[in-house]
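Subject: The structure, and some notes on it

Hello,

Here is the structure I promised to pass on to you.

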Amino acid sequence: MGKHPDLYFIDGTLTLMAGDGSETIYNVYRAPLMRHSSVFQGMLTLPTGPGTLPSLSPSASSVREALIKARAEGLEGTTEENPVVLPAQLKAAELDEFIVFLFLRGDNREVTVERACAILKVSHFFDVDCGIDYARHHLDNNSDFHPALRMSLGFAYNIREWVVGGFDELVGIPIQDLSPKDEALLGPDAYRALARAQARVLDSRLRLALKPPEPNHSNICMGHYSCKEEWTKMWTSTRCVLGDIIMRDFSGSRVLERLPGYPIGHMGPDCHRRTCEGLMGTDDKPSIFTREEELIDEELKGLMQLFGVA
């Protein structure tokens, strides 16, 4: 391709070339790269002396003089014929976004998911914290940031909240509704963990909806049979527990919140209160309504251990 039409700065002090096969040439400024990137700091820090470039805060005249000497000596990164060749995994389009971010901060284009991902990738590669923070901010606030991509990037860059948030959201999307692109982003291990989590949650929800727990009768209850009958009727009603779980797909935690307000017919108020309180769960005995959350956490924990996410 040769010189980049917009990102070859005529007064630049460092010549770079994309290593992805496009051979795109950039001419940028050495000092900001060294200031923001420990990788470039190590790569471009040179001993002082004739033919070498000055470090972070040089005067304009010293830069010109040193650059002329360095070019004459064929120092890498000082001419188009001898640029610093960047790794092949960094595509020219990704480098474009990173360079625009770092050197043209006034650029007012919309920060799309694609642009933010490119900035994140290059910034992470070169250890540019300001680029990582910028990209994460825009991705976190973009409604188009799909949970499969969020989870994939969370694994790639060890961002725990993206892994957890992406997995939690994906559990609520039927596995058959995920696209081949989503499946490819997740990879086989995450896709299988997600499928297992959904299957285990479905089994748990069906068991919960179809098998009411025994009521906890008060000491003064004189009608155990009628209490149980009313409790079972409420539980298996399409307007109450069964309907909320199976038909309306409410989470167990939400059904638990609604439980005291379901109509109980002729069930004794004290029996109803004791039964609802007994289903709330404690530190020693979690509620049956939160079992699905435990199942999701189990699958997620195993997946995070597999990928080494803290």
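For what comes next, two residues are in contact when they have heavy atoms within 4.5 Å of each other. Please keep in mind that this is a predicted model.

With that in place, I started from a histidine. His272 belongs to helix α13, which covers residues 269-278. What does His272 touch, once its neighbours within four places in sequence are left aside? Its contacts are Trp231, Leu259, Pro260, Tyr262, Ile264 and Met267. His272 has a relative accessible area of 8%, and since buried means under 20%, it is a buried residue.

Next, the strands around β2. Strand β2 spans residues 14-17, with Leu14 and Leu16 pointing one way and Thr15 and Met17 the other way.

β2 has a pairing with β3 and another with β4. Strand β3 (residues 24-28) runs antiparallel to β2, and four bridges join the two. Strand β4 (residues 84-85) pairs with β2 in the parallel sense, over two bridges. In β4, Val85 is the bridge partner of Met17.

Asn158 is not a glycine, yet its phi is positive, at about 60 degrees. Asn158 sits in the loop between α7 (147-157) and α8 (160-171), and with a relative accessible area of 44% it is partly exposed. Asp249 also has a positive phi, near 55 degrees. The place of Asp249 is the loop between α11 (241-247) and α12 (252-258), and at 56% relative accessibility Asp249 counts as exposed.

Now to the rings. How many aromatic pairs does the structure hold? There are 11. One of them is the stacked pair of Phe9 and Tyr29, at 5.4 Å centre to centre with 10 degrees between the planes. Phe9 is in the loop between β1 (2-8) and β2, while Tyr29 is in the loop between β3 and α1 (30-36), so this pair ties together parts that are 20 residues apart in sequence. Phe9 is buried, at 11% relative accessible area, whereas Tyr29 is partly exposed at 26%.

Phe125 and Phe126 form an edge-to-face pair, 5.1 Å centre to centre and with 80 degrees between the planes. Buried or partly exposed: which applies to Phe126, at 3% relative accessibility? Phe126 counts as buried, because the limit for that is under 20%. Phe125 is partly exposed, with a relative accessible area of 32%. Ring pairs also link Phe125 and Phe126 with Phe40 and Phe98 in a cluster.

Lastly, two charges over rings. The charged end of Lys3 sits over the ring of Tyr8, 4.7 Å from the ring centre. The charged end of Arg254 sits over the ring of Phe250, 3.8 Å from the centre of that ring.

Best wishes

Definitions and conventions: Residues are numbered from 1 along each chain as its sequence is written. This is a predicted model: local features need pLDDT of at least 70, side-chain atom pairs count only at pLDDT 80 or more; totals for chains, interfaces and linings use all residues. Side-chain values use heavy atoms; hydrogens and water are left out. Buried means under 20% relative accessible area, exposed over 50%, partly exposed in between (1.4 Å probe, protein chains only). Two strands pair if DSSP finds at least two bridges between them. Rings of Phe, Tyr and Trp (its six-membered ring) pair if their centres lie within 6.5 Å; planes under 30 degrees apart count as stacked, over 60 as edge-to-face and the rest as tilted. A charge sits over a ring if NZ of Lys or CZ of Arg is within 6 Å of the ring centre and within 35 degrees of the ring normal.
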